[in-house]
Amino acid sequence: MPKKKVAVKYTSRDFTSIKNDLTEYAKRYYPDTYRDFNEAGFGSLMLDTVAYVGDMLSFYLDYQANESFLSTALEYDNVIKLGKQLGFKLNLSPSSYGIASFYIIVPANSVGTTPDTNYLPVLEKGSEFLTDDGRGFILNEDVNFANANFVAGKVSARQDPDTGNTTHYAVKAYGQVLSGQLARETIQVGTYEKFKRVHLPGDEITEILSVTDSDGNEYYEVEYLTQDVIYKPLKNRSATSDSVPSLLTAVPVPRRFVVERERTRLSLQFGFGSDSELVTKSIADPSNVVLKVHGKDYFTDKTIDPNNLISTDKLGVGPSNTALTIIYRVNTNSDMNVSPGGLSTVATPKFRFSNIATLSSNSVTSVINSLEVTNEDAIAGSIAYPTSQELKQRAFAAFATQNRAVTKQDYISMTYSMPAEYGAIKRCNIAQDKDSFKRNLNLYVVSEDSTRKLTETNSTIKQNLKNWLSSVKMMNDTIDILDARVVNLGVDFKAIADVDANRFDVLNDVYDALVEHFEILPNLAQPFYISDIYNIINDVRGIVDVITVDITKKTGATYSTTSFALEDHTTPDGRMINLPEDFIWEIKYPANDIKGTLK
(Lines give C-alpha, C1' and ligand atoms only; values in the text may rest on other atoms or scores of the structure.)
Protein backbone atom coordinates (compact mmCIF):
# COMPACT_ATOMS: atom_id res chain seq x y z
CA MET A 1 0.00 0.00 0.00
CA PRO A 2 1.59 3.33 -1.06
CA LYS A 3 2.34 5.90 1.58
CA LYS A 4 -0.11 8.72 2.05
CA LYS A 5 1.08 11.96 0.56
CA VAL A 6 1.63 14.62 3.21
CA ALA A 7 0.91 18.20 2.17
CA VAL A 8 3.74 20.70 2.28
CA LYS A 9 3.46 23.11 5.19
CA TYR A 10 3.58 26.52 3.59
CA THR A 11 3.34 28.15 7.00
CA SER A 12 6.82 26.91 7.93
CA ARG A 13 8.94 29.94 7.13
CA ASP A 14 11.66 30.16 9.77
CA PHE A 15 14.93 28.21 9.94
CA THR A 16 13.90 25.72 12.62
CA SER A 17 10.49 24.82 11.21
CA ILE A 18 11.84 24.48 7.66
CA LYS A 19 14.64 22.18 8.84
CA ASN A 20 12.21 20.04 10.85
CA ASP A 21 9.92 19.71 7.83
CA LEU A 22 12.84 18.71 5.61
CA THR A 23 13.99 16.12 8.14
CA GLU A 24 10.51 14.60 8.37
CA TYR A 25 10.22 14.62 4.60
CA ALA A 26 13.53 12.75 4.22
CA LYS A 27 12.56 10.19 6.86
CA ARG A 28 9.18 9.56 5.22
CA TYR A 29 10.14 9.36 1.54
CA TYR A 30 13.82 8.34 1.62
CA PRO A 31 14.16 5.97 4.58
CA ASP A 32 16.52 3.62 2.73
CA THR A 33 18.52 6.29 0.87
CA TYR A 34 19.22 8.80 3.60
CA ARG A 35 19.81 7.80 7.21
CA ASP A 36 22.52 10.22 8.40
CA PHE A 37 20.68 12.62 10.70
CA ASN A 38 23.70 13.30 12.90
CA GLU A 39 24.18 17.02 13.59
CA ALA A 40 27.85 16.68 12.58
CA GLY A 41 27.12 14.84 9.35
CA PHE A 42 27.23 16.13 5.77
CA GLY A 43 23.52 15.52 5.35
CA SER A 44 22.74 17.78 8.27
CA LEU A 45 24.88 20.47 6.63
CA MET A 46 22.76 20.23 3.47
CA LEU A 47 19.54 20.44 5.47
CA ASP A 48 20.86 23.49 7.33
CA THR A 49 21.85 25.15 4.06
CA VAL A 50 18.44 24.63 2.47
CA ALA A 51 16.67 25.77 5.65
CA TYR A 52 18.90 28.84 5.77
CA VAL A 53 18.05 29.75 2.17
CA GLY A 54 14.36 29.21 2.84
CA ASP A 55 14.52 31.39 5.94
CA MET A 56 16.23 34.20 4.01
CA LEU A 57 13.73 34.01 1.14
CA SER A 58 10.84 34.15 3.60
CA PHE A 59 12.38 37.18 5.29
CA TYR A 60 12.83 39.11 2.04
CA LEU A 61 9.35 38.12 0.87
CA ASP A 62 7.84 39.52 4.06
CA TYR A 63 10.09 42.55 3.88
CA GLN A 64 9.09 43.34 0.30
CA ALA A 65 5.42 42.89 1.15
CA ASN A 66 5.72 45.27 4.09
CA GLU A 67 7.61 47.86 2.04
CA SER A 68 4.85 47.86 -0.58
CA PHE A 69 2.32 49.51 1.75
CA LEU A 70 2.66 52.90 3.39
CA SER A 71 1.30 51.79 6.76
CA THR A 72 3.95 49.04 7.17
CA ALA A 73 6.93 50.47 5.24
CA LEU A 74 10.10 51.11 7.22
CA GLU A 75 12.63 52.33 4.65
CA TYR A 76 12.68 56.13 4.59
CA ASP A 77 12.95 56.39 0.81
CA ASN A 78 10.09 53.94 0.35
CA VAL A 79 7.89 55.98 2.67
CA ILE A 80 8.64 59.06 0.54
CA LYS A 81 7.77 57.24 -2.70
CA LEU A 82 4.58 55.73 -1.31
CA GLY A 83 3.60 59.13 0.04
CA LYS A 84 3.91 60.59 -3.46
CA GLN A 85 1.25 58.16 -4.63
CA LEU A 86 -1.11 59.84 -2.16
CA GLY A 87 -0.20 63.32 -3.38
CA PHE A 88 2.24 64.15 -0.57
CA LYS A 89 5.42 65.98 -1.55
CA LEU A 90 8.13 66.19 1.08
CA ASN A 91 10.05 69.45 1.49
CA LEU A 92 13.49 67.86 1.41
CA SER A 93 15.42 71.12 1.34
CA PRO A 94 13.30 74.02 2.61
CA SER A 95 14.48 77.61 2.41
CA SER A 96 15.35 79.84 5.33
CA TYR A 97 14.10 83.42 5.28
CA GLY A 98 15.08 86.46 7.27
CA ILE A 99 15.66 90.20 7.26
CA ALA A 100 19.22 91.44 6.82
CA SER A 101 20.62 94.86 7.70
CA PHE A 102 22.83 96.56 5.10
CA TYR A 103 25.22 99.44 5.76
CA ILE A 104 27.01 101.69 3.27
CA ILE A 105 29.05 104.87 3.60
CA VAL A 106 27.94 107.59 1.19
CA PRO A 107 29.49 111.02 0.50
CA ALA A 108 27.62 113.98 1.97
CA ASN A 109 26.07 116.70 -0.15
CA SER A 110 27.85 119.98 -0.72
CA VAL A 111 26.76 121.47 2.61
CA GLY A 112 27.23 118.27 4.60
CA THR A 113 23.68 118.11 5.96
CA THR A 114 22.51 114.89 4.30
CA PRO A 115 23.86 112.10 2.08
CA ASP A 116 24.33 112.93 -1.59
CA THR A 117 21.33 111.22 -3.20
CA ASN A 118 23.27 110.68 -6.42
CA TYR A 119 25.44 108.16 -4.57
CA LEU A 120 22.57 106.30 -2.93
CA PRO A 121 22.45 103.05 -4.94
CA VAL A 122 20.10 100.15 -5.32
CA LEU A 123 21.43 96.84 -4.00
CA GLU A 124 19.94 94.49 -6.56
CA LYS A 125 18.07 91.29 -6.05
CA GLY A 126 20.39 88.28 -6.43
CA SER A 127 23.31 89.71 -4.46
CA GLU A 128 24.99 86.96 -2.46
CA PHE A 129 26.20 86.89 1.15
CA LEU A 130 27.81 84.37 3.48
CA THR A 131 27.63 83.44 7.14
CA ASP A 132 30.63 82.99 9.41
CA ASP A 133 30.85 79.30 8.48
CA GLY A 134 30.33 79.80 4.72
CA ARG A 135 26.61 79.19 4.25
CA GLY A 136 25.24 81.21 1.35
CA PHE A 137 22.25 83.58 1.21
CA ILE A 138 20.67 85.56 -1.62
CA LEU A 139 18.99 88.94 -1.49
CA ASN A 140 15.36 88.39 -2.45
CA GLU A 141 14.43 91.98 -3.35
CA ASP A 142 15.97 95.22 -4.54
CA VAL A 143 17.08 97.38 -1.62
CA ASN A 144 16.85 101.06 -2.54
CA PHE A 145 18.98 103.16 -0.18
CA ALA A 146 17.17 106.26 -1.44
CA ASN A 147 13.72 104.89 -0.60
CA ALA A 148 12.32 105.59 2.85
CA ASN A 149 10.57 102.19 2.84
CA PHE A 150 13.95 100.46 3.00
CA VAL A 151 16.13 102.95 4.89
CA ALA A 152 16.22 102.48 8.65
CA GLY A 153 18.46 105.41 9.52
CA LYS A 154 21.54 107.45 8.73
CA VAL A 155 24.31 108.82 10.94
CA SER A 156 27.42 110.88 10.45
CA ALA A 157 30.33 108.55 9.72
CA ARG A 158 33.26 110.83 8.81
CA GLN A 159 33.99 114.47 9.51
CA ASP A 160 36.35 117.07 8.13
CA PRO A 161 39.11 117.47 10.80
CA ASP A 162 39.41 121.18 10.10
CA THR A 163 35.78 122.30 9.94
CA GLY A 164 34.05 119.44 11.74
CA ASN A 165 31.48 119.18 8.97
CA THR A 166 30.23 115.73 7.99
CA THR A 167 31.84 114.42 4.81
CA HIS A 168 30.27 110.94 4.74
CA TYR A 169 27.12 109.39 6.12
CA ALA A 170 26.48 105.77 7.11
CA VAL A 171 23.12 104.65 5.73
CA LYS A 172 21.29 101.59 7.03
CA ALA A 173 18.63 99.68 5.09
CA TYR A 174 16.73 96.42 5.45
CA GLY A 175 16.16 93.69 2.88
CA GLN A 176 14.85 90.14 2.77
CA VAL A 177 17.33 87.31 2.24
CA LEU A 178 16.74 83.63 1.60
CA SER A 179 19.06 80.66 1.85
CA GLY A 180 21.05 79.17 -0.99
CA GLN A 181 23.31 80.04 -3.86
CA LEU A 182 22.63 80.18 -7.58
CA ALA A 183 23.96 77.32 -9.67
CA ARG A 184 23.96 76.55 -13.39
CA GLU A 185 23.99 73.19 -15.14
CA THR A 186 24.17 72.54 -18.90
CA ILE A 187 22.90 69.13 -20.02
CA GLN A 188 23.18 67.79 -23.55
CA VAL A 189 20.01 66.12 -24.79
CA GLY A 190 20.20 63.68 -27.70
CA THR A 191 17.52 62.19 -29.90
CA TYR A 192 13.83 62.38 -29.09
CA GLU A 193 12.78 60.29 -26.11
CA LYS A 194 9.33 59.91 -24.61
CA PHE A 195 9.00 61.30 -21.09
CA LYS A 196 12.59 62.47 -21.03
CA ARG A 197 14.03 62.59 -17.51
CA VAL A 198 16.96 64.84 -16.61
CA HIS A 199 18.84 64.49 -13.33
CA LEU A 200 20.57 67.20 -11.33
CA PRO A 201 23.33 66.35 -8.87
CA GLY A 202 23.14 67.31 -5.21
CA ASP A 203 20.68 66.74 -2.39
CA GLU A 204 20.04 70.32 -1.24
CA ILE A 205 18.39 71.81 -4.35
CA THR A 206 15.61 74.15 -3.28
CA GLU A 207 13.98 75.34 -6.50
CA ILE A 208 14.37 75.43 -10.26
CA LEU A 209 14.56 79.03 -11.46
CA SER A 210 14.69 78.59 -15.23
CA VAL A 211 15.13 75.95 -17.92
CA THR A 212 15.96 76.98 -21.50
CA ASP A 213 17.30 75.12 -24.50
CA SER A 214 19.89 76.20 -27.05
CA ASP A 215 17.13 77.45 -29.39
CA GLY A 216 15.89 79.92 -26.78
CA ASN A 217 12.75 77.97 -25.86
CA GLU A 218 11.80 78.19 -22.19
CA TYR A 219 10.38 75.28 -20.20
CA TYR A 220 8.07 75.93 -17.27
CA GLU A 221 7.59 74.01 -14.05
CA VAL A 222 4.04 72.77 -13.42
CA GLU A 223 2.42 70.67 -10.71
CA TYR A 224 1.34 67.96 -13.14
CA LEU A 225 2.06 67.36 -16.82
CA THR A 226 -1.64 67.74 -17.60
CA GLN A 227 -1.42 71.39 -16.50
CA ASP A 228 -1.00 73.32 -19.73
CA VAL A 229 -1.56 76.92 -18.57
CA ILE A 230 0.25 78.90 -15.88
CA TYR A 231 -0.21 82.44 -14.60
CA LYS A 232 2.66 84.89 -14.65
CA PRO A 233 2.80 88.35 -13.07
CA LEU A 234 3.28 91.34 -15.35
CA LYS A 235 4.22 94.80 -14.17
CA ASN A 236 1.14 96.99 -13.76
CA ARG A 237 1.83 100.36 -15.36
CA SER A 238 -1.19 101.80 -13.54
CA ALA A 239 0.09 100.75 -10.11
CA THR A 240 0.27 104.34 -8.91
CA SER A 241 -3.46 104.74 -9.30
CA ASP A 242 -4.85 101.35 -8.28
CA SER A 243 -2.11 100.14 -5.89
CA VAL A 244 -1.76 96.79 -7.68
CA PRO A 245 1.92 96.23 -8.57
CA SER A 246 1.39 93.23 -10.86
CA LEU A 247 -1.19 91.76 -13.18
CA LEU A 248 -1.73 88.05 -13.72
CA THR A 249 -1.83 86.80 -17.27
CA ALA A 250 -2.54 83.29 -18.57
CA VAL A 251 0.38 81.76 -20.45
CA PRO A 252 0.11 78.45 -22.38
CA VAL A 253 3.04 76.17 -21.61
CA PRO A 254 3.42 73.43 -24.21
CA ARG A 255 7.01 73.03 -23.00
CA ARG A 256 6.76 72.07 -19.37
CA PHE A 257 8.14 69.74 -16.74
CA VAL A 258 7.48 68.46 -13.26
CA VAL A 259 10.06 68.13 -10.50
CA GLU A 260 10.62 64.79 -8.81
CA ARG A 261 12.58 65.01 -5.56
CA GLU A 262 14.57 62.30 -3.86
CA ARG A 263 16.96 62.50 -0.94
CA THR A 264 20.07 62.26 -3.11
CA ARG A 265 19.04 63.99 -6.34
CA LEU A 266 16.41 65.98 -8.19
CA SER A 267 14.88 65.03 -11.54
CA LEU A 268 13.04 66.97 -14.24
CA GLN A 269 10.31 64.97 -15.99
CA PHE A 270 9.16 66.20 -19.41
CA GLY A 271 6.19 65.13 -21.56
CA PHE A 272 6.29 62.88 -24.60
CA GLY A 273 5.31 65.33 -27.33
CA SER A 274 7.68 66.65 -29.99
CA ASP A 275 8.04 70.00 -31.77
CA SER A 276 6.46 68.58 -34.92
CA GLU A 277 3.22 67.92 -33.03
CA LEU A 278 2.95 71.45 -31.64
CA VAL A 279 0.34 73.21 -33.78
CA THR A 280 -0.02 76.53 -31.99
CA LYS A 281 1.60 78.44 -29.16
CA SER A 282 -1.44 80.48 -28.23
CA ILE A 283 -4.46 79.67 -26.12
CA ALA A 284 -7.40 78.42 -28.14
CA ASP A 285 -10.49 80.49 -28.83
CA PRO A 286 -12.90 80.04 -25.90
CA SER A 287 -15.73 79.38 -28.33
CA ASN A 288 -13.90 76.21 -29.39
CA VAL A 289 -13.49 75.03 -25.82
CA VAL A 290 -16.90 75.64 -24.20
CA LEU A 291 -19.47 72.90 -24.11
CA LYS A 292 -21.67 72.56 -27.20
CA VAL A 293 -25.05 71.78 -25.66
CA HIS A 294 -27.46 73.61 -28.02
CA GLY A 295 -30.07 71.24 -29.41
CA LYS A 296 -28.77 68.28 -27.36
CA ASP A 297 -30.11 66.40 -24.38
CA TYR A 298 -26.57 65.28 -23.47
CA PHE A 299 -23.08 66.75 -23.54
CA THR A 300 -19.44 65.65 -23.45
CA ASP A 301 -17.16 67.56 -21.10
CA LYS A 302 -14.11 68.54 -23.13
CA THR A 303 -12.68 71.06 -20.71
CA ILE A 304 -10.23 68.55 -19.27
CA ASP A 305 -8.74 67.76 -22.68
CA PRO A 306 -5.38 69.61 -23.02
CA ASN A 307 -5.76 69.44 -26.81
CA ASN A 308 -8.44 72.15 -26.55
CA LEU A 309 -5.88 74.66 -25.28
CA ILE A 310 -2.56 73.94 -26.97
CA SER A 311 -3.54 71.48 -29.70
CA THR A 312 -1.50 68.58 -28.31
CA ASP A 313 -2.44 65.60 -26.16
CA LYS A 314 1.13 64.51 -25.40
CA LEU A 315 1.37 66.04 -21.89
CA GLY A 316 3.83 68.65 -23.08
CA VAL A 317 6.73 68.89 -25.51
CA GLY A 318 9.98 67.26 -24.49
CA PRO A 319 13.47 68.48 -25.51
CA SER A 320 15.52 66.74 -28.16
CA ASN A 321 18.82 67.41 -29.98
CA THR A 322 19.56 70.45 -27.87
CA ALA A 323 21.37 71.65 -24.78
CA LEU A 324 19.35 72.48 -21.67
CA THR A 325 20.60 75.27 -19.45
CA ILE A 326 19.18 74.89 -15.95
CA ILE A 327 19.54 77.63 -13.34
CA TYR A 328 18.59 76.61 -9.83
CA ARG A 329 19.05 77.56 -6.21
CA VAL A 330 20.79 75.14 -3.89
CA ASN A 331 21.33 75.26 -0.14
CA THR A 332 24.99 75.01 0.84
CA ASN A 333 24.20 73.09 4.03
CA SER A 334 21.49 70.85 5.41
CA ASP A 335 20.89 73.41 8.19
CA MET A 336 20.37 76.93 6.85
CA ASN A 337 19.07 78.53 10.03
CA VAL A 338 21.28 81.35 11.29
CA SER A 339 21.53 82.90 14.74
CA PRO A 340 21.44 86.70 15.09
CA GLY A 341 24.66 88.23 13.79
CA GLY A 342 25.68 85.11 11.88
CA LEU A 343 25.31 86.70 8.42
CA SER A 344 28.50 88.73 8.12
CA THR A 345 30.28 88.46 4.75
CA VAL A 346 29.52 90.22 1.46
CA ALA A 347 30.21 87.73 -1.33
CA THR A 348 28.84 89.08 -4.62
CA PRO A 349 27.10 92.45 -4.35
CA LYS A 350 25.21 93.91 -7.30
CA PHE A 351 24.77 97.68 -7.28
CA ARG A 352 22.86 100.00 -9.58
CA PHE A 353 23.35 103.78 -9.60
CA SER A 354 20.86 106.08 -11.28
CA ASN A 355 23.40 108.26 -13.14
CA ILE A 356 26.68 106.46 -12.76
CA ALA A 357 28.24 108.19 -15.79
CA THR A 358 28.10 111.54 -14.00
CA LEU A 359 29.57 110.26 -10.71
CA SER A 360 33.13 110.01 -9.51
CA SER A 361 34.42 106.51 -10.13
CA ASN A 362 36.50 106.61 -6.95
CA SER A 363 33.48 107.58 -4.87
CA VAL A 364 31.34 104.87 -6.50
CA THR A 365 34.02 102.29 -5.77
CA SER A 366 34.25 103.50 -2.19
CA VAL A 367 30.48 103.15 -1.72
CA ILE A 368 30.52 99.62 -3.15
CA ASN A 369 33.47 98.53 -1.00
CA SER A 370 31.86 99.95 2.14
CA LEU A 371 28.92 97.55 2.08
CA GLU A 372 28.47 95.54 5.27
CA VAL A 373 25.76 93.05 6.22
CA THR A 374 24.39 91.44 9.35
CA ASN A 375 21.13 89.97 10.66
CA GLU A 376 19.66 91.42 13.82
CA ASP A 377 17.11 88.62 14.16
CA ALA A 378 17.41 84.89 13.56
CA ILE A 379 17.03 83.52 10.04
CA ALA A 380 14.77 80.46 10.15
CA GLY A 381 12.75 78.15 7.95
CA SER A 382 14.98 75.10 7.58
CA ILE A 383 13.92 72.03 9.55
CA ALA A 384 15.32 68.56 10.12
CA TYR A 385 13.88 65.63 8.18
CA PRO A 386 10.67 64.36 9.79
CA THR A 387 10.67 60.79 11.04
CA SER A 388 9.15 57.94 9.03
CA GLN A 389 6.13 57.88 11.31
CA GLU A 390 5.58 61.61 10.81
CA LEU A 391 5.85 61.16 7.04
CA LYS A 392 3.18 58.46 7.09
CA GLN A 393 0.77 60.63 9.05
CA ARG A 394 1.34 63.60 6.76
CA ALA A 395 0.94 61.48 3.62
CA PHE A 396 -2.41 60.07 4.76
CA ALA A 397 -3.54 63.57 5.72
CA ALA A 398 -2.43 65.01 2.36
CA PHE A 399 -4.51 62.42 0.52
CA ALA A 400 -7.58 63.44 2.51
CA THR A 401 -7.13 67.15 1.81
CA GLN A 402 -7.39 66.83 -2.00
CA ASN A 403 -5.50 70.16 -2.23
CA ARG A 404 -8.12 72.12 -0.29
CA ALA A 405 -8.49 73.05 3.34
CA VAL A 406 -11.85 72.44 4.99
CA THR A 407 -11.27 70.59 8.25
CA LYS A 408 -8.76 71.24 11.00
CA GLN A 409 -6.55 68.39 9.78
CA ASP A 410 -6.70 69.80 6.22
CA TYR A 411 -5.22 73.11 7.37
CA ILE A 412 -2.46 71.36 9.31
CA SER A 413 -1.65 69.13 6.35
CA MET A 414 -1.55 72.04 3.88
CA THR A 415 0.71 73.98 6.27
CA TYR A 416 3.23 71.15 6.26
CA SER A 417 2.86 70.86 2.46
CA MET A 418 3.94 74.44 1.74
CA PRO A 419 6.52 74.37 -1.11
CA ALA A 420 10.12 74.22 0.04
CA GLU A 421 11.10 77.52 -1.57
CA TYR A 422 8.79 79.36 0.83
CA GLY A 423 10.28 77.88 4.00
CA ALA A 424 8.94 75.26 6.37
CA ILE A 425 7.04 75.05 9.64
CA LYS A 426 8.23 72.63 12.31
CA ARG A 427 4.96 72.25 14.21
CA CYS A 428 1.51 73.82 13.90
CA ASN A 429 -2.01 73.67 15.26
CA ILE A 430 -5.23 75.44 14.32
CA ALA A 431 -8.28 76.33 16.35
CA GLN A 432 -11.34 78.50 15.95
CA ASP A 433 -11.01 81.96 17.43
CA LYS A 434 -13.46 81.95 20.32
CA ASP A 435 -13.49 85.74 20.47
CA SER A 436 -14.55 86.13 16.84
CA PHE A 437 -18.14 86.23 15.64
CA LYS A 438 -17.08 85.10 12.16
CA ARG A 439 -15.25 82.02 10.92
CA ASN A 440 -11.87 83.29 12.02
CA LEU A 441 -9.19 80.68 12.64
CA ASN A 442 -6.03 80.97 14.70
CA LEU A 443 -3.09 79.06 13.20
CA TYR A 444 -0.28 78.60 15.71
CA VAL A 445 3.18 77.90 14.26
CA VAL A 446 6.71 77.36 15.52
CA SER A 447 10.04 76.89 13.71
CA GLU A 448 13.56 75.61 14.40
CA ASP A 449 16.70 77.66 14.98
CA SER A 450 20.28 76.88 13.96
CA THR A 451 20.67 74.45 16.90
CA ARG A 452 17.45 72.56 16.08
CA LYS A 453 15.65 74.12 19.02
CA LEU A 454 12.18 75.62 18.83
CA THR A 455 11.98 79.31 17.99
CA GLU A 456 9.43 81.84 16.76
CA THR A 457 8.56 81.82 13.08
CA ASN A 458 9.69 85.02 11.39
CA SER A 459 7.30 87.37 9.62
CA THR A 460 8.46 86.42 6.12
CA ILE A 461 7.57 82.75 6.48
CA LYS A 462 4.26 83.71 8.10
CA GLN A 463 3.42 85.88 5.10
CA ASN A 464 4.43 83.10 2.71
CA LEU A 465 2.25 80.67 4.64
CA LYS A 466 -0.70 83.06 4.58
CA ASN A 467 -0.40 83.45 0.81
CA TRP A 468 -0.07 79.69 0.39
CA LEU A 469 -3.16 78.92 2.47
CA SER A 470 -5.21 81.62 0.74
CA SER A 471 -5.20 79.50 -2.42
CA VAL A 472 -6.65 76.41 -0.73
CA LYS A 473 -8.80 77.68 2.16
CA MET A 474 -12.57 78.04 2.23
CA MET A 475 -13.82 81.37 0.93
CA ASN A 476 -15.46 82.38 4.22
CA ASP A 477 -12.51 81.43 6.41
CA THR A 478 -10.13 84.07 7.70
CA ILE A 479 -6.82 83.07 9.24
CA ASP A 480 -4.57 84.72 11.80
CA ILE A 481 -1.10 83.19 11.99
CA LEU A 482 0.23 83.43 15.53
CA ASP A 483 3.30 82.24 17.41
CA ALA A 484 2.98 79.09 19.44
CA ARG A 485 4.16 79.31 23.04
CA VAL A 486 7.01 77.02 24.08
CA VAL A 487 7.29 75.55 27.57
CA ASN A 488 10.74 74.20 28.47
CA LEU A 489 10.54 71.29 30.89
CA GLY A 490 13.05 69.39 32.98
CA VAL A 491 12.98 65.83 34.34
CA ASP A 492 14.35 64.86 37.76
CA PHE A 493 13.98 61.21 38.79
CA LYS A 494 14.95 58.88 41.61
CA ALA A 495 15.16 55.12 41.12
CA ILE A 496 16.43 51.96 42.76
CA ALA A 497 19.15 50.01 40.97
CA ASP A 498 19.95 46.33 41.23
CA VAL A 499 22.52 45.58 43.91
CA ASP A 500 24.79 43.75 41.45
CA ALA A 501 24.50 46.41 38.70
CA ASN A 502 27.06 49.10 37.97
CA ARG A 503 25.28 52.29 39.01
CA PHE A 504 27.16 54.51 36.56
CA ASP A 505 26.34 52.26 33.59
CA VAL A 506 22.70 51.97 34.61
CA LEU A 507 22.40 55.74 35.04
CA ASN A 508 23.90 56.31 31.59
CA ASP A 509 21.49 53.77 30.09
CA VAL A 510 18.54 55.56 31.69
CA TYR A 511 19.77 58.89 30.37
CA ASP A 512 20.22 57.49 26.83
CA ALA A 513 16.72 55.97 26.89
CA LEU A 514 15.13 59.25 27.95
CA VAL A 515 17.09 61.28 25.39
CA GLU A 516 15.99 58.89 22.62
CA HIS A 517 12.38 59.24 23.77
CA PHE A 518 12.49 63.04 23.69
CA GLU A 519 14.16 63.20 20.28
CA ILE A 520 10.70 63.02 18.70
CA LEU A 521 9.23 66.49 19.03
CA PRO A 522 5.60 66.59 20.23
CA ASN A 523 2.75 68.31 18.42
CA LEU A 524 1.12 71.45 19.71
CA ALA A 525 -1.31 70.77 22.55
CA GLN A 526 0.09 67.25 22.97
CA PRO A 527 0.17 66.32 26.68
CA PHE A 528 3.37 65.49 28.51
CA TYR A 529 2.92 61.94 29.78
CA ILE A 530 4.68 61.51 33.12
CA SER A 531 3.67 57.86 33.17
CA ASP A 532 5.84 57.26 30.08
CA ILE A 533 8.89 58.36 32.06
CA TYR A 534 8.17 55.68 34.67
CA ASN A 535 7.81 53.02 31.98
CA ILE A 536 10.98 54.02 30.14
CA ILE A 537 13.12 53.99 33.29
CA ASN A 538 11.65 50.70 34.52
CA ASP A 539 12.45 49.05 31.17
CA VAL A 540 16.17 49.83 31.53
CA ARG A 541 18.18 46.80 32.53
CA GLY A 542 19.44 47.09 36.10
CA ILE A 543 16.52 49.18 37.39
CA VAL A 544 14.45 47.64 40.16
CA ASP A 545 11.87 50.39 40.58
CA VAL A 546 11.27 54.11 40.11
CA ILE A 547 10.69 56.09 43.29
CA THR A 548 9.71 59.54 41.98
CA VAL A 549 9.65 61.57 38.77
CA ASP A 550 9.47 65.34 39.17
CA ILE A 551 8.73 67.64 36.23
CA THR A 552 9.93 71.23 36.50
CA LYS A 553 9.61 74.30 34.32
CA LYS A 554 13.02 75.53 33.18
CA THR A 555 13.66 79.24 33.34
CA GLY A 556 16.61 81.47 32.57
CA ALA A 557 18.22 83.51 29.83
CA THR A 558 18.36 80.64 27.31
CA TYR A 559 14.91 79.25 28.05
CA SER A 560 11.45 80.34 26.99
CA THR A 561 9.83 83.13 28.99
CA THR A 562 6.32 81.70 28.54
CA SER A 563 4.26 81.80 31.71
CA PHE A 564 2.88 78.36 32.53
CA ALA A 565 1.75 76.89 35.87
CA LEU A 566 2.52 73.17 35.94
CA GLU A 567 0.34 72.54 38.98
CA ASP A 568 -2.77 73.94 37.29
CA HIS A 569 -2.36 71.72 34.22
CA THR A 570 -1.29 68.45 35.86
CA THR A 571 -4.05 65.85 36.16
CA PRO A 572 -5.17 64.86 39.68
CA ASP A 573 -3.59 61.41 39.34
CA GLY A 574 -0.26 62.96 38.30
CA ARG A 575 -0.05 60.92 35.09
CA MET A 576 0.14 63.76 32.56
CA ILE A 577 0.44 67.50 32.02
CA ASN A 578 -2.20 68.91 29.67
CA LEU A 579 -1.27 71.81 27.40
CA PRO A 580 -3.56 74.42 25.78
CA GLU A 581 -4.05 74.45 22.01
CA ASP A 582 -1.29 77.02 21.40
CA PHE A 583 1.38 75.46 23.68
CA ILE A 584 4.14 72.95 22.98
CA TRP A 585 6.61 71.41 25.43
CA GLU A 586 10.31 70.88 24.79
CA ILE A 587 13.26 69.33 26.60
CA LYS A 588 15.68 71.95 25.30
CA TYR A 589 19.02 70.81 26.72
CA PRO A 590 18.82 67.10 27.63
CA ALA A 591 22.32 67.10 29.15
CA ASN A 592 21.22 69.67 31.74
CA ASP A 593 17.45 69.20 31.85
CA ILE A 594 17.40 65.45 32.57
CA LYS A 595 18.81 64.57 35.97
CA GLY A 596 18.50 61.56 38.24
CA THR A 597 19.91 59.59 41.12
CA LEU A 598 20.02 55.88 41.89
CA LYS A 599 19.80 54.15 45.24
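Author: Let's start with a term: a nonpolar core is a set of buried Ala, Val, Leu, Ile, Met, Phe, Trp, Tyr and Cys residues joined through side-chain atoms within 4.5 Å. Buried means under 20% relative accessible area, exposed over 50%, and partly exposed in between (1.4 Å probe, protein chains only). This is a predicted model, where local features need pLDDT of at least 70, side-chain atom pairs count only at pLDDT 80 or more, and totals for chains, interfaces and linings use all residues. Residues are numbered from 1 along each chain as its sequence is written, and side-chain values use heavy atoms, leaving out hydrogens and water.

Reader: Which element gives the most to the largest nonpolar core?

Author: That core has 30 residues. Elements here are DSSP runs numbered from the N terminus: helices (H or I, at least four residues) and strands (E, at least two). Those giving two or more residues include α10 (503–518), α11 (530–538) and β24 (485–497). With six residues, the top giver is β24.

Reader: Which residues does V549 contact, leaving aside its neighbours within four places in sequence?

Author: V549 is among the core members that touch the most others. Contact means heavy atoms within 4.5 Å. With those neighbours left out, V549's partners are V491, D492, F493, I530, I533, Y534 and I537.

Reader: Is F195 buried, exposed or partly exposed?

Author: F195 sits in the loop between β8 (181–189) and β9 (197–201). Its phi is near 50°, a positive value in a residue other than glycine. F195 has a relative accessible area of 36%, so it counts as partly exposed.
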